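Please open the structure in your viewer and keep the sequence panel beside it. The tour begins at a single residue and then steps back to the whole chain.

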Amino acid sequence: MTAVVQKTALTGCLAPIDKNGLEQLIANGKANPKVIKTLKCKTVAEGKFRHANYIRNLPPYIVDEPPGLLGDDTAPNPSEASLAALGSCLAVGLHANAVHRGWTVNKLELELEGDLNITAVWGTGDISDKPVGFTDVRVKVEMECEGISQEEIQALVTHVKKWSPVANTFTRPVNLEVGI
């Protein structure tokens, strides 16, 4: 028996999300606004600077370093992965909020870049007093919605930045415990 591969044809808009499911998530959040969900990830070193990250029952999410940082360049490095997480979180928020407003999204792309000083070499290089991690992150959103002005889209971007869990992780202190 030959398997038939089905493709989703996009006809001028992004593949739709389940609006009823979205409305149920919204209702659940309003009904119980203090619910905290604990997310889990198990990181396993594979050798050199390559790591497999196990999340739910998904295939491992690989993180590596580029050759300039002694890695094999097989996957994004941890800082790049954090930019990807931010971009994806913002994109999810933009898409969900647009659907909630009844907008048709024809295009949604985000370009992210972040500045960081890597001279500390994970605490083994120049460990003089300086910021560690990103000092500046810039996100450019390109979003096109049928009949929606750029001013309305900018207002949506501002709203989504405020409510993005990953954007908030970037912009506010988080309690972090690391131990054995």
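Select N53 to begin, and you will find this residue in strand β2, which covers residues 50–54; strands here are DSSP runs of E with at least two residues, helices are runs of H or I with at least four, and both are numbered from the N terminus. This is a predicted model, in which local features need pLDDT of at least 70 and side-chain atom pairs count only at pLDDT 80 or more, while totals for chains, interfaces and linings use all residues. Residues are numbered from 1 along each chain as its sequence is written, and side-chain values use heavy atoms, with hydrogens and water left out.

Is N53 buried or exposed? N53 is buried, with a relative accessible area of 9%, where buried means under 20%, exposed over 50% and partly exposed in between, using a 1.4 Å probe and protein chains only.

Next, show the residues around N53: leaving aside those up to four places away in sequence, N53 touches C41, K42, T43, P59, P60, Y61 and V63, a contact being heavy atoms within 4.5 Å.

Now zoom out and colour the chain by secondary structure, which shows four helices and five strands, following the pattern α-β-β-β-α-β-β-α-α along the sequence. With the C-alpha trace displayed, the chain spans about 55 × 55 × 35 Å along its principal axes. Finally, colour by burial: of the 180 residues of the chain, 22% count as buried, and N53, where the tour began, is buried as well.
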